[in-house]
Amino acid sequence: MAKNILLLNGPNLNLLGSREPEVYGATTLADVERAASEQVAQAGAKLTTFQSNHEGALIDRIQAAKKEGIDAIVINPGGLTHTSVSLRDALAAVAIPFVEIHVSNIHQREAFRHHSYLSGIAVGVICGLGTEGYAAAISFALKKL
Ligand SMILES: O=C(O)[C@]1(O)C=C(c2cccc(Sc3ccccc3)c2)[C@@H](O)[C@H](O)C1
């Protein structure tokens with residue numbers, strides 16, 4: 001049961017809740033992180049959060065996670081989902097189990113969003129549940145990872 005979870009958000013997710021609420025909802029990233037922190041604290045576990053618009057910064061954060069004793073990752077890679085072999089390689093290298101989460105249902109959107117470079121090595125993928133997907137991913141990590 002995960003006791004030290006890292007919540008990662010990729011490019012542009014710092015703008016969550018500020019635009020396109022019809023696609024991504026009105027909940028901000030700060031709201032998501034606050035709710036996740038409360039959820040994890042109630043379970044007696046620890047949550048670390050990180051958001052970056054830079055692929056390399058996310059890779060550096062993932063590499064550092066192993067040394068920090070992170071035992072589960074929840075990641076919304078944003079657009080890097082569909083482009084980043086390097087992000088996949090970093091997750092594979094640290095071998096920390098992770099759940100991939102998307103606020104939107106990427107399979108109902110543009111064709112280029114239908115493929116994820118990460119899904120094949122994820123424990124599981126949640127998409128289309130809005131920001132509620134974060135709570136579901138965290139709950140799974142607390143109970144199963
Ligand atoms: O649905 C997601 O969570 C997703 O990971 C998130 C994405 C994303 C992309 C751009 C911006 C944002 S957040 C946002 C939305 C509207 C306005 C400003 C920022 C998310 C997409 O790149 C992905 O294809 C899907």
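This is a predicted model: local features need pLDDT of at least 70, side-chain atom pairs count only at pLDDT 80 or more; totals for chains, interfaces and linings use all residues.

**Active site**

UniProt places the feature "active site" at Tyr 24 and His 102. The two residues are spread over 79 residues of sequence, yet they cluster in space, with a largest C-alpha distance of 9.4 Å. The lining of the largest pocket includes both Tyr 24 and His 102.

Tyr 24 sits in helix α1, residues 21-24. Tyr 24 counts as partly exposed, because its relative accessibility is 21% and the buried class ends at under 20%. Leaving aside neighbours within four places in sequence, Tyr 24 contacts Leu 16, Val 103, Ser 104, Arg 109 and Thr 131.

His 102 belongs to strand β4, residues 98-102. His 102 is buried, at 4% relative accessible area. Not counting residues up to four places away in sequence, its contacts include Asn 76, Pro 77, Thr 81 and Cys 127. The side chains of His 102 and Glu 100 are joined by a polar contact of 2.6 Å.

**Ligand**

The ligand is surrounded by 15 residues. The closest are Asn 76, His 82, His 102, Val 103 and Ser 104.

| Residue | Polar atom | Distance to a ligand oxygen |
|---|---|---|
| Asn 76 | side chain | 2.8 Å |
| Gly 79 | backbone | 3.1 Å |
| Val 103 | backbone | 2.7 Å |

Taken alone, the ligand exposes 540 Å², and the protein buries 92% of that.

**Binding-site residues**

For "binding site", UniProt lists Asn 76, His 82, Asp 89, Val 103, Ser 104 and Arg 113. They span 38 residues in sequence, and the farthest two C-alpha atoms are 24.1 Å apart, so the residues do not all gather at one spot. Of these residues, the lining of the largest pocket includes Asn 76, His 82, Val 103, Ser 104 and Arg 113.

Asp 89 lies in helix α4, residues 85-94. Asp 89 is partly exposed, with a relative accessible area of 43%.

Val 103 is placed in the loop between β4 and β5. Val 103 is buried, at 4% relative accessible area. Beyond residues up to four places away in sequence, Val 103 touches several residues, among them Tyr 24, Asn 76, Gly 128 and Tyr 134.

Conventions
Residues are numbered from 1 along each chain as its sequence is written. Side-chain values use heavy atoms; hydrogens and water are left out. UniProt positions are given in the numbering used here, feature names are shortened, and annotations may be inferred rather than shown by experiment. On a 1 Å grid over the protein atoms alone, a cavity is a set of points where a 1.4 Å probe fits but cannot get out, and a pocket is an open set with protein on both sides within 12 Å along at least five of seven lines; lining residues have an atom within 4 Å of a point. Helices (H or I, at least four residues) and strands (E, at least two) are DSSP runs, numbered from the N terminus. Buried means under 20% relative accessible area, exposed over 50%, partly exposed in between (1.4 Å probe, protein chains only). Contact means heavy atoms within 4.5 Å. A polar contact is a pair of N or O atoms within 3.5 Å; within protein, one must be able to donate a hydrogen and the other to accept it, and residues adjacent in sequence count only if both atoms are side-chain atoms. A residue is near a molecule or strand if one of its heavy atoms lies within 4 Å of it. Accessible areas come from the Shrake-Rupley method with a 1.4 Å probe; for residues, only the protein chains shown count as cover.
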